[in-house]
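Please read the numbered points beside the sequence and the model.

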Amino acid sequence: MTIDRAVTIVVILAAGGFLIAMLLGVQLMRSSKELPYFLMRRSQLLQGWRWVGLAGVLGILAILAQFFGRDAVYIVYPPTPSLTPTATITLTPTVTLTPTITLTPTITPIPAETSTPTLTATPQLPEAISVLIQETVTPNPDAVFSPLQFARQIDRSIQPVSPNDTFTNPVGRLFGAFSYNNLTDGARWSAVWSHEDNSVVCVESEIWDGGTGGYGYTECEPEEWLPGTYEVQIFLGEVWKVSGGFTIEGDPPTPTATPSVPPAD
């Protein structure tokens, strides 16, 4: 259950309790006028006022939950926004050789072209998924995802159990858990799992229905996990949001051949 749905349920229950308590209180106060004895009238009138007071408390609770409930929950469980990685240029130091004989150069060569280091390109959504974006709503540009955490299991709160960045074969299913904020239901989100050789091992592309903020995950279970490094890229619409990586060690288990039984003569 997402935070938005939980807050909505609290508002509905409080509003329903307000209506019931108010009706009971008014009914008790009206019926007290028909009682023949003063003490009975006063007792029932006090009961009616108690129900009206309870209705007031529930009404205030419904208003506070509607306008301030989400902000209060986010203060206790703040989603962690993802950081946009900044590409850096690493210069390779050169080794300076000490010449044994100093020669007097006659002509200083001038390089015709100067090589310029290139920056790492922003991840792109596979073309097969880009076609599906047209039938969905436009994502919120302020939507954010937290850094990915990888684990073999997640608990009921969608939290990774013993997260790690290195796994040893046999692995099985892996989960990439994250928190999110400012998302819009109806937009398409995608997760692309790829090996270091640029081969895609898993693709997940769904219509988002998890509400504005909370916790989510993507999962992958290929036929086998080859050793090496893997990268998981999260897209919202066609926009890349966050990437995470992990390493698989050891060769995948070899399938055991089942011997065939020859037919009886």
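The points below take up the basis of the model, a central strand, aromatic pairs, an open sheet and a pocket.

1. The model is predicted: local features need pLDDT of at least 70, side-chain atom pairs count only at pLDDT 80 or more, and totals for chains, interfaces and linings use all residues. Residues are numbered from 1 along each chain as its sequence is written, and side-chain values use heavy atoms, with hydrogens and water left out.

2. Helices (H or I, at least four residues) and strands (E, at least two) are DSSP runs, numbered from the N terminus. Buried means under 20% relative accessible area, exposed over 50%, and partly exposed in between (1.4 Å probe, protein chains only). Leu-174, Gly-176, Phe-178 and Tyr-180 point one way from strand 6, while Phe-175, Ala-177, Ser-179 and Asn-181 point the other way.

3. Strand 6 has several antiparallel partners. Two strands pair if DSSP finds at least two bridges between them. Strand 1 is joined to strand 6 by 2 bridges, and Phe-145 stands opposite Tyr-180. Strand 2 (residues 149–151) is joined to strand 6 by 3 bridges, and here Phe-150 faces Gly-176. Between strand 6 and strand 9 there are 7 bridges, with Tyr-217 of strand 9 as the bridge partner of Ala-177.

4. The aromatic pairs number 14. Rings of Phe, Tyr and Trp (its six-membered ring) pair if their centres lie within 6.5 Å; planes under 30 degrees apart count as stacked, over 60 as edge-to-face and the rest as tilted. Phe-145 and Phe-178 form an edge-to-face pair, 5.3 Å centre to centre with 65 degrees between the planes. Phe-145 lies in strand 1 (residues 144–145) and Phe-178 in strand 6, so this pair ties together parts that are 33 residues apart in sequence. Phe-145 is buried, at a relative accessible area of 0%, as is Phe-178 at 4%.

5. Tyr-180 and Trp-208 form an edge-to-face pair as well, at 4.7 Å centre to centre and 85 degrees between the planes. Tyr-180 belongs to strand 6 and Trp-208 to the loop between strand 8 and strand 9, 28 residues apart. Both residues are buried, Trp-208 at 7% relative accessibility.

6. An open sheet of 5 strands has the order 5-11-10-7-8, with mixed pairing. Strand 5 (166–168) and strand 8 stand at the edges with a single partner strand each, so one side of each is left without a neighbour in the sheet. Within the sheet, strand 7 (residues 188–195) and strand 10 (residues 228–236) run antiparallel and are joined by 7 bridges. Trp-193 stands opposite Val-232 in strand 10. Trp-193 also belongs to one aromatic cluster with Phe-150, Phe-167, Trp-225, Tyr-230 and Phe-246.

7. Which residues lie closest to the centre of the largest pocket? Of the 24 residues that line this pocket, they are Thr-2, Ile-158, Tyr-180, Tyr-215 and Gly-216. On a 1 Å grid over the protein atoms alone, a pocket is an open set of points where a 1.4 Å probe fits, with protein on both sides within 12 Å along at least five of seven lines; lining residues have an atom within 4 Å of a point. Strand 9 gives the largest share of the lining, 4 residues.
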